[in-house]
Amino acid sequence: MDENLKKIIPFALKYKKDIVMNIFYNIFYAFFSTLLMVSMIPTLNVIFGLNEKITKEPVFKGIGEIKSFSEDYLNYKVTQLTADKGFEIAILFVISIIIITAFLKNLTNYFASYHVTRLKNGVLKDLREKLYNVIIHLPISYYSERRKGDVMSRMLGDVNEVKNSFFQILELVVREPLTILFSIATMFIISPKLTLFVFLFIPIISRVGKNLKLKSTKAQEENGVQISILDETLSGLKVVKGFNSENIFISKFNTSLNRLLRLSNSIGNKNNLASPLSEFLGILTIATLLWYGGQLVIVDKSLAPTTFIAYIALAYTILTPAKEISKASYQVKSGLAAAERVFSLLEQENTII
């Protein structure tokens with residue numbers, strides 16, 4: 001585990017209730033995301049008249065037969081509703097399953113976001129409070145050796161960067177992996193053959209972000225340099241003008257801007273590569289599934305067309321969390337670089353007692 005991650009844990013543990021609730025709601029979000037795709041199967045079956053007509057209520061015989069029991073019970077209810085109240089009521093019944101599942105998915109998403117927001121803002125407040133306490137107690141000699149702008153950059157910019165990116169780790173280890181896990185488990189239940197095929201093409205998170213942390217640290221340091229030059233310019237403007245040094249300061253500031261531009265472009269390009277690379281590999285997976293799955297539906301007839309449509313939808317839902325994992329991994333690297341600068345100031349020893 002990264003040292004800076006260990007250092008942020010005590011700040012986060014103060015809000016452990018929000019962490020637990022965020023994980024709790026994320027588990028249900030992942031579950032309902034998968035269930036939403038599965039709920040398409042009975043709707044498509046009813047629309048195309050492919051649902052099995054069952055007139056006798058099925059009996060639950062154990063967890064091992066939950067898939068067949070769920071299908072039989074749903075078909076039984078649809079058969080009953082069609083016979084008693086007509087096709088229109090039966091189709092409304094299966095559509096209502098989709099609506100309820102979608103509502104529960106978005107409700108759990110809201111509550112998960114609510115708790116992670118409380119966590120992020122609470123840790124931001126505590127970090128700034130502790131950092132200000134350190135800054136005000138450090139001896140004057142410390143500031144004569146360092147740029148004031150760098151200290152300000154750490155206090156305002158870096159702490160905010162920790163808040164915005166560091167807690168992506170909760171989604172990196174809970175929400176997105178669980179969504180992928182639930183989807184793959186359901187896909188395996190629907191068709192083991194197709195799912196084994198998917199494993200050959202699941203997008204692998206690119207390792208482009210290997211040196212992202214180092215470049216992020218340099219970019220944040222360069223921000224500190226710019227703030228320092230600006231502070232020096234404004235506080236000593238009379239002296240600058242008195243010695244006709246405007247061009248010297250313009251040159252210093254522009255040099256720093258160009259260095260930051262090169263670093264920012266490099267970091268941005270690596271970040272931008274994550275999403276399209278994941279999406280392209282994902283589309284490649286879907287295209288391969290259409291080819292192989294089409295043979296199972298048309299040639300082998302071992303997979304129902306409506307089930308195959310739902311399977312493709314499930315496979316596509318894996319793309320979004322895969323992209324989010326890729327994106328979050330880069331943001332966490334940037335957050336770790338910012339945290340390193342924050343903690344180096346927090347841990348600064350006061351030599352005067």
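F111 is partly exposed, with a relative accessible area of 29%.

A word on the source. This is a predicted model, where local features need pLDDT of at least 70, side-chain atom pairs count only at pLDDT 80 or more, and totals for chains, interfaces and linings use all residues. Residues are numbered from 1 along each chain as its sequence is written, and side-chain values use heavy atoms, with hydrogens and water left out.

Back to F111. Which kind of pair do the rings of Y25 and F111 make? Their centres are 5.2 Å apart and their planes are at 25 degrees, so the pair is stacked. The rule takes rings of Phe, Tyr and Trp (its six-membered ring) and pairs them if their centres lie within 6.5 Å; planes under 30 degrees apart are stacked, over 60 edge-to-face, and the rest tilted. Helices here are DSSP runs (H or I, at least four residues), strands are runs of E of at least two, and numbering goes from the N terminus. Y25 counts as buried, at 17% relative accessibility.

By the ring rule, the count comes to 10 aromatic pairs. One aromatic cluster is formed by F24, Y25, F28, F31, F32, Y110, F111, Y114 and F182.

Next, charges.

How many salt bridges does the rule give? The count comes to 4. The rule asks for a side-chain nitrogen of Lys or Arg within 4 Å of a carboxyl oxygen of Asp or Glu.

Take K14 and D126. Their side chains meet in a salt bridge, at 3.4 Å from N to O. K14 lies in the loop between α1 (3-13) and α2 (16-38), and D126 in helix α5, so the pair ties together parts that are 112 residues apart in sequence. D126 is buried, at 9%. Helix α5, where D126 lies, covers residues 87-137. D126 also touches F11, K14 and Y15, leaving aside residues up to four places away in sequence. Touching is a contact, meaning heavy atoms within 4.5 Å.

Now D18 and R118. They form a salt bridge, with the closest N and O atoms 3.1 Å apart. Here too distant parts of the chain are linked: D18 is in helix α2, R118 in helix α5, 100 residues apart. D18 counts as buried, at 5% relative accessibility. R118 is partly exposed, at 44%.

K125 is partly exposed, with a relative accessible area of 44%. E129 is exposed, at 52%. Salt bridges that share partners join K14, K125, D126 and E129 into one network.

L13 and V123 are 110 residues apart in sequence and 9.4 Å apart in space, C-alpha to C-alpha. L13 counts as partly exposed, at 48% relative accessibility.

Now helix packing. Two packed helices are described by the angle between their axes and the distance between the axes. Helix α3 (residues 40-47) and helix α13 (residues 305-317) pack at about 145 degrees, with axes 9 Å apart. Axes are lines fitted to C-alpha atoms, for helices over the stretch in contact, and angles run from 0 to 180 degrees between N-to-C directions. Which residues make the contact? From α3 come M40, I41, L44 and N45; from α13 come T306, T307, I309, A310 and A313. They divide into 6 nonpolar, 3 polar and no charged. Nonpolar covers Ala, Val, Leu, Ile, Met, Phe, Trp, Tyr, Cys and Pro; charged covers Asp, Glu, Lys and Arg; the others, Gly among them, are polar.

Last stop, N244. Its phi is near 50 degrees, a positive value in a residue other than glycine. N244 is placed in the loop between α11 (237-242) and α12 (246-298). N244 is exposed, with a relative accessible area of 62%.

Conventions
Buried means under 20% relative accessible area, exposed over 50%, partly exposed in between (1.4 Å probe, protein chains only).
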